[in-house]
Amino acid sequence: MRLLPTIGAVAALLCVQAMAQPGTRLVWQPVQEYFIHRDAAQQVQAGTKRLNSFTTYTHLGTDFGFHGPVEHEIEWLTDEIVVHLSQQPDGWAGMWHSLAGQARNVNRVMDFTRAYPEPITAKHQPRVSAVMIEAAGRGKLKLEIKSPSQELRWSQMIELNAPQYRMFVYPVASEAVRDGKTIVWTAEPGSEVKISGLFLGVELPQMSWDAYAFLASYAKIARSYSIDTGFVRDRAHIEEGAFESVSATGMYVLASAAAAQEAVGVVTPDYARWVLSRTHEAVKKLQTARGLLPHFVHRRDNAYHIHPNTEYSTVDTAIYAQSMLLAAIMLDEPAVAEDIVLQLQRIEYDLLRLPDGHMSHGLADDAITLLPHGWQDWGGETTLVMLMEGIANPQHRPPPMRTPGKAWQGTGFITEVQSLFHPDFDSDAPDAHDGVRWLSVRRAMLGAQRAYIPKRWPNSQAARNGIYSLSAGENHAGNSYYVGGVDLPDQKLIHPHYILMSATLHPQPAEIYELLERLEKASYFPPWGMVENLDVDGLSYLPMEGSLNAGFEALSAYHLLAKHRRIPDAIYAASQKSPQIRSAMQLFYPTAAVNEAAEVEAAAGR
C-alpha cells in the first residue's frame with residue numbers, strides 16, 4: 001500500500017517538482033517494493049542470504065543483493081526488510097540494487113539524463129531527478145548511487161526517529177549520474193530499521209498518452225535486447241546468453257521497425273535496419289530441426305544452441321518469421337524478406353503433421369521426437385502457424401480447427417495475437433476456413449473480459465478501477481506459466497497485456513488511455529512498462545519484465561497509436577504489400593487476398 005507523504009516529504013517532493021525540467025511530468029518508478037511472493041522461496045531469515053536469481057529481481061528488471069559485515073542480521077519475512085543492529089555497535093548492513101542489467105555486467109549502466117535504453121531518441125528520453133525511500137525505525141540510513149567501479153555519484157544520510165513509516169524524498173542532479181550502476185541503502189551501526197520500498201523519480205517528456213503507451217512498452221522490450229548477441233532475453237533480469245526467446249526477438253525487430261516510422265520517431269530508421277540485419281544473421285546461425293527454429297536458446301562454447309528441455313517450435317517460428325518478414329518490408333530490405341521466405345519454404349511441413357493432419361507443436365530438443373500435441377484449437381496461434389505454411393505452400397489446406405470461434409478457456413490473447421501482424425481479422429465476413437466472423441468473436445471476448453471481474457469480484461480494486469484481462473503469462477510468483485480465462489471459475493490473476501492487445505476494438509480509445517492512467521497511478525504501468533500480472537484485490541503484483549508479453553504490448557500499443565491518430569498502420573500495410581502473405585491469406589479470405597495480390601503485382605509492373 002502506498003503511504004501518504006509526511007509534511008517534510010511533501011516539501012521535498014514540491015522541491016523536486018519545482019526543479020523538474022519544463023515540459024516534463026514526474027512519475028515514480030519502483031526500484032523495489034519489498035513485498036514477498038511466498039511460493040517463490042523469497043523469504044530470507046537472519047543468517048541466510050541465498051536467493052533464486054530467476055525469480056527474485058528488482059522492478060527495473062535487474063538483480064539485487066545484500067552487503068555489509070553483518071548482513072546476516074537482515075530479515076525479510078513479510079512485506080518489508082528489517083535490519084536489527086542495536087546489538088552491533090560496529091556493524092552495518094544493507095542492500096544493493098543494480099540500475100541496469102546484472103550488477104556484474106559493468107557495460108550496462110543507467111544514464112540519469114537518458115534513462116531509457118540508448119537507441120531511443122533524445123526527445124523521447126526521460127530523466128531521473130529524485131530518489132524516494134519508505135522507511136521507519138531509529139538510527140541512520142545511508143543512500144548511495146555508485147558507478148561500475150564503485151565510485152560515489154550521489155549520497156544522502158537519513159536520520160530515523162519514529163516507528164511509523166515515512167516517505168523520504170531527495171533530489172538528484174541528473175548530470176552527476178551518467179554511469180549509475182547500483183543504488184544502495186545501508187543501515188549504520190546501532191540502527192533498528194524497516195524499509196518497504198525504494199523509488200526513482202522519473203521526469204517523462206510531455207507527450208500524449210497514445211505516444212507514451214508505445215514508448216514505455218517499446219522501452220520495456222528494448223531492455224531485454226542485447227546489441228552484442230542480437231537476441232532478446234526471455235526476462236530482463238537474467239544474464240545475457242542464459243535464456244533467450246526467439247519469438248520475442250522477432251517481435252522486438254518488428255516493434256523497432258514500427259518505432260522508426262516517421263510519425264513515431266522513437267528510434268532512427270538506421271537503428272531499426274541494423275537490428276533487422278543483426279538479428280537475421282544471428283538467427284540464421286542457429287541449428288534448426290526440420291526447418292523449425294528453437295523456442296529458447298542459450299550460449300555455449302561461443303555459439304547459440306537450443307536450451308535444454310525446450311522445443312523446436314512451430315508457433316514461435318511462425319511469430320519470429322512473420323515479424324521479420326513484415327519488418328523487412330517496412331524497412332525496404334527485400335533481400336532479408338526473400339531470405340525469410342526461403343527459410344519458411346525449407347521447413348519440412350509434411351514431417352511435422354500429426355495423424356489427424358494438424359501441425360504438431362514442434363520437435364523435442366533432440367530434433368527428432370515429434371511432440372504429440374498439435375495446433376487444433378481455434379485461435380490466433382493456430383492461425384499464425386497455418387499462415388506460415390501458407391507462405392511456403394499456398395495450395396495446402398489444413399483440417400478445420402476445433403470449436404471455431406471459441407478460444408480455449410476464454411484466454412484473452414488467443415483471439416488477438418494474429419492481429420498483431422495482419423489486418424484481415426478486423427473483418428466480420430465469415431472466414432473461408434472455419435466460417436468464423438473474427439471481429440464479432442473478438443468483440444464478444446472483450447465484452448466477456450470486461451464483465452468477468454465486476455460480476456465475480458464486484459468489490460475488488462480491479463472492479464473499482466475497470467481493470468480486466470484474464471489471459472496467460474507467469475503465475476503470481478513468476479516461477480511457472482499460468483493460463484487464465486473467462487471460461488474458468490474464480491479467476492483472480494490479471495495479465496494486463498490483453499488491455500493493450502484488445503484496445504483497437506474499444507469504440508472510444510480515449511477510455512483506454514484513461515485506464516492506462518489509472519494503471520500508472522496504481523504502479524501497474526510505471527515508466528518501465530506494464531507489470532506482468534496483478535491480483536484483483538490489489539494486494540500484490542509481479543513486476544517481472546517478460547519479453548513475450550512486452551512484445552505483445554509494444555506491437556499492440558503501436559496499432560492503437562495508429563488508429564487513434566488515424567495515420568497509416570505500417571505493420572498492416574506491410575502485410576498487405578507482401579505477395580506471399582496475401583497468397584497465404586487466401587486460406588481465410590480468398591477474395592480479398594486475390595484482389596490485393598493482383599493490385600500488388602499490377603503496381604510492381606507499372
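1. Arg299 first. In this predicted model, Arg299 has a relative accessible area of 38%. That value falls between the 20% and 50% cut-offs, so Arg299 counts as partly exposed. Arg299 sits in strand 12, which spans residues 296-300.

2. What does Arg299 touch, once residues up to four places away in sequence are set aside? The list is Thr229, Glu240, Gly241 and Tyr304. Glu240 also takes part in a polar contact: the side chain of Arg299 reaches the backbone oxygen of Glu240 at 3.3 Å. For a distance check, take Tyr349, 50 residues from Arg299 along the chain. The two C-alpha atoms are separated by 28 Å.

3. Next, helix 3 (residues 246-259) and helix 5 (residues 314-330). Their axes come within 8 Å and cross at roughly 20°. Helix 3 is therefore roughly parallel to helix 5, since angles under 35 degrees count as such. The crossing of this pair is left-handed.

4. Which residues form the contact between helix 3 and helix 5? Helix 3 brings Val246, Ser247, Gly250, Met251, Val253, Leu254, Ala257 and Ala258. Helix 5 answers with Asp316, Ile319, Tyr320, Ser323, Met324, Leu326, Ala327 and Met330. By class, the contact holds 12 nonpolar residues, three polar and one charged.

5. Compare helix 6 (residues 334-345) with helix 7 (residues 380-392). Their axes lie 8 Å apart, and the packing angle is about 100°. Helix 6 is therefore roughly perpendicular to helix 7, because the range for that label is 65 to 115 degrees.

6. The contact of helix 6 with helix 7 can be listed briefly. Val341, Leu344 and Gln345 in helix 6 meet Met388, Ile391 and Ala392 in helix 7. Five of these residues are nonpolar and one is polar, with no charged residue.

7. Last, His506. Where is His506 placed? It is in the loop between helix 10 (497-501) and helix 11 (509-521). Is His506 buried or exposed? His506 has 5% relative accessibility, so it counts as buried; the cut-off is under 20%.

8. The surroundings of His506 deserve a look in the viewer. A polar atom of the His506 side chain lies 3.0 Å from the backbone nitrogen of Gln508. Leaving out neighbours within four places in sequence, His506 is in contact with Leu446, Arg450, Glu511, Ile512 and Lys563.

Methods:
Residues are numbered from 1 along each chain as its sequence is written. This is a predicted model: local features need pLDDT of at least 70, side-chain atom pairs count only at pLDDT 80 or more; totals for chains, interfaces and linings use all residues. Side-chain values use heavy atoms; hydrogens and water are left out. Helices (H or I, at least four residues) and strands (E, at least two) are DSSP runs, numbered from the N terminus. Buried means under 20% relative accessible area, exposed over 50%, partly exposed in between (1.4 Å probe, protein chains only). A polar contact is a pair of N or O atoms within 3.5 Å; within protein, one must be able to donate a hydrogen and the other to accept it, and residues adjacent in sequence count only if both atoms are side-chain atoms. Contact means heavy atoms within 4.5 Å. Axes are lines fitted to C-alpha atoms, for helices over the stretch in contact, and angles run from 0 to 180 degrees between N-to-C directions. Angles under 35 degrees count as roughly parallel, over 145 as roughly antiparallel, 65 to 115 as roughly perpendicular and the rest as oblique. A crossing is left-handed if the near helix is turned anticlockwise from the far one by less than a right angle, and right-handed if clockwise. Ala, Val, Leu, Ile, Met, Phe, Trp, Tyr, Cys and Pro count as nonpolar, Asp, Glu, Lys and Arg as charged, and the others, Gly among them, as polar.
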